[in-house]
Amino acid sequence: MLTQTFLPDDDATARFGAALAATLKPGDIVSLEGDLGAGKTALARAIVRALAGDPALEVPSPTFAIIQPYDTPIGPVLHADLYRLAHATEADELGLLDDPDAIVLVEWAERAPQVADAVTVLLHLDIPPGGEGRTARLERR
């Protein structure tokens, strides 16, 4: 099933992330795709905050740490950014696929085919011509 939503601003993106979070279940692996600056991390922040039930939760970008774990009321949540991986096999060492009860949010999943193959929810963000807002395409597999 494929849906498309226009998100005119950061507040709309946060609401979309919270709504998506309400549909996620343990074991879901969400691939956040799009160009640099498309809003992948902003959307992941909204999802993590909603899953944690804490709108003020500090949710740093995992760009340098590569993975950020969170304990939430519905179980573990992992937020990963695979952009800096030198080789796809490095993803295996992160343990992203090790816990069947975790919800995993992955930026740049395509850098590790074994992770991309396990994705259950694909979310692609595009900045439309003119640069205002973003378009979110959501596909459940």
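# Loops, buried charges and salt bridges

Q: Where does Trp-108 sit?
A: Trp-108 is in the loop between strand S5 (103-107) and helix H4 (113-116). Helices (H or I, at least four residues) and strands (E, at least two) are DSSP runs, numbered from the N terminus.

Q: What should I know about the model and the numbering?
A: This is a predicted model, with residues numbered from 1 along each chain as its sequence is written; local features need pLDDT of at least 70, and side-chain atom pairs count only at pLDDT 80 or more. Totals for chains, interfaces and linings use all residues, and side-chain values use heavy atoms, with hydrogens and water left out.

Q: Back to Trp-108. Buried or exposed?
A: Trp-108 counts as buried, at 14% relative accessibility. The cut-offs: buried means under 20% relative accessible area, exposed over 50%, partly exposed in between (1.4 Å probe, protein chains only).

Q: And what is phi of Trp-108?
A: Near 65 degrees, which is a positive value in a residue other than glycine.

Q: Where else does a residue other than glycine have a positive phi?
A: Ile-66 is one of them, with phi near 75 degrees. Ile-66 lies in the loop between H2 and S3. Ile-66 is buried, with a relative accessible area of 15%.

Q: What's in strand S3, say Gln-68?
A: Strand S3 covers residues 67-72, and Gln-68 is in it. Gln-68 counts as buried at 19% relative accessibility. Leaving aside neighbours within four places in sequence, Gln-68 is in contact (heavy atoms within 4.5 Å) with Pro-60, Ser-61, Pro-62, Val-77, Leu-78 and His-79.

Q: New topic. How many salt bridges in the whole structure?
A: Three. A salt bridge here is a side-chain nitrogen of Lys or Arg within 4 Å of a carboxyl oxygen of Asp or Glu.

Q: Which side chain does Arg-134 meet in a salt bridge?
A: That of Asp-10, at 3.8 Å, N to O. Arg-134 lies in strand S7 and Asp-10 in helix H1 (residues 10-21), so the pair ties together parts that are 124 residues apart in sequence.

Q: How exposed are the two partners?
A: Arg-134 is buried, with a relative accessible area of 12%. Asp-10 is exposed, at 55%.

Q: What else does the side chain of Arg-134 reach?
A: The backbone oxygen of Ala-38, at 2.7 Å. A polar contact is a pair of N or O atoms within 3.5 Å; within protein, one must be able to donate a hydrogen and the other to accept it, and residues adjacent in sequence count only if both atoms are side-chain atoms. Among the residues that Arg-134 touches are Thr-5, Phe-6, Leu-7, Leu-125 and Pro-128.

Q: Which side chain pairs with Arg-137?
A: Asp-126, in a salt bridge at 3.0 Å, N to O. This pair links distant parts of the chain: Arg-137 is in strand S7 and Asp-126 in strand S6 (residues 121-126), eleven residues apart. Arg-137 is partly exposed at 31% relative accessible area, and Asp-126 is partly exposed at 28%.

Q: What does Lys-25 pair with?
A: Lys-25 and Asp-28 meet in a salt bridge, 3.3 Å from N to O. Asp-28 is buried, with a relative accessible area of 3%.

Q: What does lie 2.9 Å from a polar atom of the Lys-40 side chain?
A: The backbone oxygen of Asp-35. Lys-40 itself is in helix H2 (residues 40-52). Residues touching Lys-40 include Leu-32, Glu-33, Trp-108 and Leu-125.

Q: Zooming out, what pattern does the protein chain follow?
A: Along the sequence it reads β-α-β-α-β-β-α-β-α-β-β. The radius of gyration of the protein chain is 14 Å, close to the 14 Å that the globule rule gives for 141 residues, so the chain is as compact as a globular protein of that length. That radius is taken over C-alpha atoms, and the rule is 2.2 Å times the number of residues to the power 0.38.

Q: How much of the protein chain is buried?
A: Buried residues make up 45% of the 141 residues.

Q: What about contacts between residues 24 or more positions apart?
A: They account for 60% of the protein chain's contacts with a separation of 6 or more.
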